[in-house]
Amino acid sequence: MSSMEEHGMVTTYEEMKEVIDQLGIVPLAALIPGHPSVNGLTKAENWHTDTELDPWAWRARFPGEGLAAYGKFIRKKAVLVAREWFPAYAAAAGSSQSLEERYDSGLCSREALTLLQIIRDNQGIETRELRKLADMKAKEKKTAFDNAVTELQGTLDIVISGVKERHNAEGEKNGWNSTSFETAGHWMAENHIPEFKGTRDEAVAWLRNRMEGKWNPASVSWLGKVLSW
């Protein structure tokens, strides 16, 4: 895999799907020491080209097609997790407590709780509408909003549904695309992905077993430390 990463051998969406299916967890950019990333496996000239070979577009296509969950799951960085791996990953890296319980214990922010409650009622909501409903459209509230959205991804409460185009009143594309969000449970249900049946320790064991022989041992060790496995 290291030689593949060095030479940017992944060109198509289908090839990247095979990599994600094999490795289970693939960050968008370099993150896990000794482990491939979408950026490292692809050619720089294909990025942001709005073509079928554009890896930037794949990040929305994978969750949209139910092939991989996408979000800032590790150290506030964007990661793709294969659909087969996601239930165990969510059980191993997420919390067994509801966000309400964590809030009552002082383990999450009020903004995160507010956003999650809105997302639960508006699955697939895009960023601008979410900020509006949360009364966080003001410029001075943007940092708090961004931090809360990232917090919810890191605790596996939400995932990125995809990216929606912005259009003006005439229906023409206008401005940057907008990220949309849904709860992790809703994404799994919509894509017929069953929840992991087992304890957190059993989920960790499941993941370690799948990583064996496919991951660099140092990469496994690093992830274990970061996620307190």
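Contact, in these notes, means heavy atoms within 4.5 Å.

**Ground rules**

I'm looking at a predicted model, where local features need pLDDT of at least 70, side-chain atom pairs count only at pLDDT 80 or more, and totals for chains, interfaces and linings use all residues. Residues are numbered from 1 along each chain as its sequence is written, and side-chain values use heavy atoms, with hydrogens and water left out.

**Entry 1: the whole protein**

I found twelve helices and six strands; these are DSSP runs numbered from the N terminus, helices being H or I with at least four residues and strands E with at least two. The radius of gyration (taken over C-alpha atoms) is 18 Å, close to the 17 Å from the globule rule for 229 residues, so the protein is as compact as a globular protein of that length. That rule is 2.2 Å times the number of residues to the power 0.38. I also noted that the C-alpha trace spans about 50 × 45 × 35 Å along its principal axes.

Next I looked up burial, where buried means under 20% relative accessible area, exposed over 50%, and partly exposed in between (1.4 Å probe, protein chains only). Of the 229 residues, 45% count as buried.

**Entry 2: Ser161**

I went to strand S5 (residues 158–164), where Ser161 sits. Is Ser161 buried or exposed? Ser161 is buried, because its relative accessible area is 13%. Neighbours within four places in sequence aside, Ser161 touches Ala60, Pro63, Gly64, Gly124, Ser180, Phe181 and Glu182. With Glu182 there is a side-chain to side-chain polar contact of 3.0 Å. A polar contact is a pair of N or O atoms within 3.5 Å; within protein, one must be able to donate a hydrogen and the other to accept it, and residues adjacent in sequence count only if both atoms are side-chain atoms.

**Entry 3: Arg200**

Arg200 belongs to helix H11 (residues 200–211). I have Arg200 down as partly exposed, because its relative accessible area is 35%. Which residues does Arg200 contact, leaving aside neighbours within four places in sequence? They are Ala91, Ala92, Leu227, Ser228 and Trp229. The Arg200 side chain reaches the backbone oxygen of Ala92 at 3.0 Å.

**Entry 4: H2 against H4**

Last, I checked which residues of H2 (residues 13–23) and H4 (residues 55–64) meet. Tyr13, Glu14, Met16, Lys17 and Ile20 in H2 meet Trp58, Arg61 and Phe62 in H4.

Conventions:
Axes fitted to C-alpha atoms, helices over the stretch in contact; angles between N-to-C directions.
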